[in-house]
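Open the structure in a viewer with selection by residue number. The stops below say what to select and what is there.

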Amino acid sequence: DITAEPLKEEPDEQVKFISEELQQSDRPDLGSAKVVIGGGRALKSSENFDLLYQLAEPLGAAVGASRAAVDAGYVDNSLQIGQTGKVVAPELYIAIGISGAIQHLAGMKDSKVIVSINKDAEAPIFQVSDYGLVGDLFKLIPELTEKIKSIKA
């Protein structure tokens, strides 16, 4: 035998709303941005993601991350691009310190133009890139940011 008791008539006793937290950002939405900058594990820390935010500023870009960067705790999982994150298809995708795992490629492969910056010339990300820059991101990104700022000024 199965017995059941009816729910209470007053809905406010069943569910109580506590609060709502929304993340506010001046940046474009990751899913609809025309320019997206993705950062990977090679950034080595959440503080180093500031390099990407500085580059994103003059470009009006959204910032995202690989699963490896999210799993390492560098950024919030709401920024994850890939099979288990967001799918993006911007006009310009800049991959910085991202190796190019198949899981990440699934989330950004439909980008119109893909630019990759990685110290490993053999990184798989270069196989899907339109333009590639091999070098130390900690030297290249500040230089690139300054060049873009001077052009935009």
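Predicted model: local features only at pLDDT ≥ 70, side-chain atom pairs only at ≥ 80, totals over all residues.

**Stop 1: a glycine in a loop**

Select Gly85 and show its surroundings: apart from neighbours within four places in sequence, Gly85 is in contact with Gln80 and Gln103, where contact means heavy atoms within 4.5 Å. Gly85 lies in the loop between α2 and β3; helices (H or I, at least four residues) and strands (E, at least two) are DSSP runs, numbered from the N terminus. Its relative accessible area is 32%, which makes Gly85 partly exposed. Buried means under 20% relative accessible area, exposed over 50%, and partly exposed in between, using a 1.4 Å probe and protein chains only.

Residues are numbered from 1 along each chain as its sequence is written, and side-chain values use heavy atoms, with hydrogens and water left out.

**Stop 2: the whole chain**

Zoom out and colour by secondary structure. The protein has 4 helices and 5 strands, in the order β-α-β-α-β-α-β-β-α from the N terminus. Of its 153 residues, 39% count as buried. Among contacts in the protein with a separation of 6 or more, 51% are between residues 24 or more positions apart. The accessible surface is about 9,900 Å², and 50% of that belongs to carbon and sulfur atoms; the areas come from the Shrake-Rupley method with a 1.4 Å probe, and for residues only the protein chains shown count as cover.

**Stop 3: strand β1**

Select residues 35-39, which are β1. How many of the residues of β1 are buried? The count is 5 of 5. In a regular strand the side chains alternate between the two faces of the sheet. Here Val35, Ile37 and Gly39 point one way from β1, and Val36 and Gly38 point the other way.

Now show the neighbouring strands. β1 and β3 run parallel and are joined by 5 bridges; strands pair if DSSP finds at least two bridges between them. Gly38 has Ala95 of β3 as its bridge partner. β1 also pairs with β2 in the parallel sense, over 4 bridges, and there Gly39 is partnered by Ala65.

**Stop 4: helix α1**

Select residues 50-59, which are α1. Its buried residues include Leu51, Leu52, Leu55, Ala56 and Pro58. Seen down the axis, the buried residues of α1 fall within an arc of 170°, so they line one face of the helix; the arc is that of the directions from the helix axis to the C-beta atoms. These buried residues pack against β1, β2 (62-65), β3 and α4 (137-152). Just after α1, select Gly60, which takes a positive phi of about 60°.

**Stop 5: Ser66**

Move on to Ser66, in the loop between β2 and α2. Is Ser66 buried or exposed? Ser66 is buried, with a relative accessible area of 7%. Leaving aside neighbours within four places in sequence, Ser66 is in contact with Gly39, Gly40, Arg41, Ile81, Ile98 and His104.

**Stop 6**

Show the side chains of Arg67 and Asp71. They form a salt bridge, with the closest N and O atoms 3.3 Å apart; the term means a side-chain nitrogen of Lys or Arg within 4 Å of a carboxyl oxygen of Asp or Glu. A search of the whole structure finds 1 salt bridge. Asp71 and Arg67 are 4 residues apart in helix α2 (residues 67-71), so they are separated by about one helical turn. Asp71 is exposed, at 55% relative accessible area, and Arg67 is partly exposed, at 39%.

**Stop 7: an aromatic pair**

Rings of Phe, Tyr and Trp (its six-membered ring) pair if their centres lie within 6.5 Å; planes under 30 degrees apart count as stacked, over 60 as edge-to-face and the rest as tilted. By this rule there is 1 aromatic pair. Select Phe49 and Tyr74: their pair is tilted, 6.5 Å centre to centre with 55° between the planes. The pair links distant parts of the chain, with Phe49 in the loop between β1 and α1 and Tyr74 in the loop between α2 and β3, 25 residues apart. Both Phe49 and Tyr74 are buried.
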